[in-house]
Amino acid sequence: MIGVDISQILGFVPQDRIDAFEPRVRDAIEQLEKGTGPGSDFTGWLDLASKTGRALLDEIKGVAKILRDNCDTVVVAGIGGSYLGSRAVIEAFQNSFSQLSDKGGNPVILFAGQNISEDYLFELGELLKTRRFGVINISKSGTTTETAIAFRVLKKQCEQQRGVEMARKVIVTVTDAEKGVARATATKEGYRTFVIPDNVGGRYSVLTPVGLLPIAVAGYDIDKLVEGAAAMESLTSSNVPFSKNPSAVYASARNALYQSGKKIEILVNFCPKLHFFSEWWKQLFGESEGKDGKGIYPSSVDFSTDLHSMGQWIQQGERIIFETVISVENVRHSYLVPFDDENLDGLNFMAGKHVDQVNKMAELGTRIAHVDGGVPNIRISVPELNEYWLGQLIYFFEKACGISGYLLGVNPFNQPGVEEYKKNMFALLGKPGYETESEAILSRIGK
């Protein structure tokens, strides 16, 4: 199973301070499981993995096969939780240079609707002119600005390029069961659809069709992903003792550190394939905990790359940080450092060693240095990067986030602050119905 090692924080917060969270953790888990806590309308993710039926998984795989058979490229249109989960999983598994490969096989998965960059959309459109592409449109409402613009552009290009009938075959919508613009459009056009459950928020939705469909299209095993999550669901339930519950221990440790003055958590990986997993994790914890003037600020780094940029700050900057290191125990490939007769670079002492052995020593050396420098360190060990273990890791963090939010005293399932920028943007763009706001904001900026 996923391992949680908190031994390297005990010089900063004693074990008894972490153990003191046990009654509150038990209460938090009970509130989650019984649906009595804040935001309980959005806790459908809790038993999602164990309740995902064979019929749904087979349907997802069937639609994925249609896209795989008819497309060399599939664009996922979505933002936030509507794309970060699937991208995290896909990029954890795919070849680092798959988009440059001409070997064929699985469709290339691209992403749109996660920004409002004109250059990005133009360049994507130019690339797609030579591609047999399809689209997965992921939006609960269909009106999220970034995604709606991207889908409007992609829909038009797909119809013009592939014909209306083929477009209907290779455009799939993941949306609300009954309401919203995306649902209405899908019904009108006859697109295949999947439902975003009402009781699952976007940042917890990777194990719904929101994440499972793109992951299946990319060629990865969604059965194993769900199986791993279901296993972690059991390992973190209310009948598991506190000290044996990895999500409970992690949530308690990070809150104990927060109370001691550590305000920033840096998620660290020594595997570049986990870059977008860190992006998913940042949304999960940032959107869940950052409210009411509270919350640990979630940040991330890719080591050893960022040791040559952020390493100085982490080692000797203000001591308000702690690190959580995701450590992958076993890599997929074998590659040895070669011997060189001249040894001009002085690296022959590494000759014959696996590159991953060097990486592991860089990881251990960094952890020791940072602890010595005043940075507490939590280690999350993952046996290897495959669908089963990543499913466990996803659920581990989701459950820990729910617990941690309740320990912090906030609703971890809403995001009221997200709407503020939209009001200003709509007012500045002159959206109908925003006339009063438009007048006020134009006056404020002197126009």
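Modeller: Contact means heavy atoms within 4.5 Å. This is a predicted model, where local features need pLDDT of at least 70, side-chain atom pairs count only at pLDDT 80 or more, and totals for chains, interfaces and linings use all residues. Residues are numbered from 1 along each chain as its sequence is written, and side-chain values use heavy atoms, without hydrogens or water.

Colleague: Fine. What does V74 touch, leaving out residues up to four places away in sequence?

Modeller: V74 touches L67, P107, V108, I109, L110, G134, I136 and V217.

Colleague: Where is V74 found?

Modeller: In strand 2, residues 73-77. Strands (E, at least two residues) and helices (H or I, at least four) are DSSP runs, numbered from the N terminus.

Colleague: Is V74 buried or exposed?

Modeller: V74 is buried, because its relative accessibility is 0%. Buried means under 20% relative accessible area, exposed over 50%, partly exposed in between (1.4 Å probe, protein chains only).

Colleague: Other topic. How do helix 5 and helix 16 cross?

Modeller: The axes of helix 5 (residues 84-93) and helix 16 (residues 387-408) come within 11 Å and cross at roughly 145°. Axes are lines fitted to C-alpha atoms, for helices over the stretch in contact; angles run from 0 to 180 degrees between N-to-C directions.

Colleague: Which residues make the contact?

Modeller: V89, A92 and F93 of helix 5, with E387, L390 and I394 of helix 16.

Colleague: And V153, where does that sit?

Modeller: V153 is in helix 7, residues 145-162. With a relative accessible area of 36%, V153 is partly exposed.
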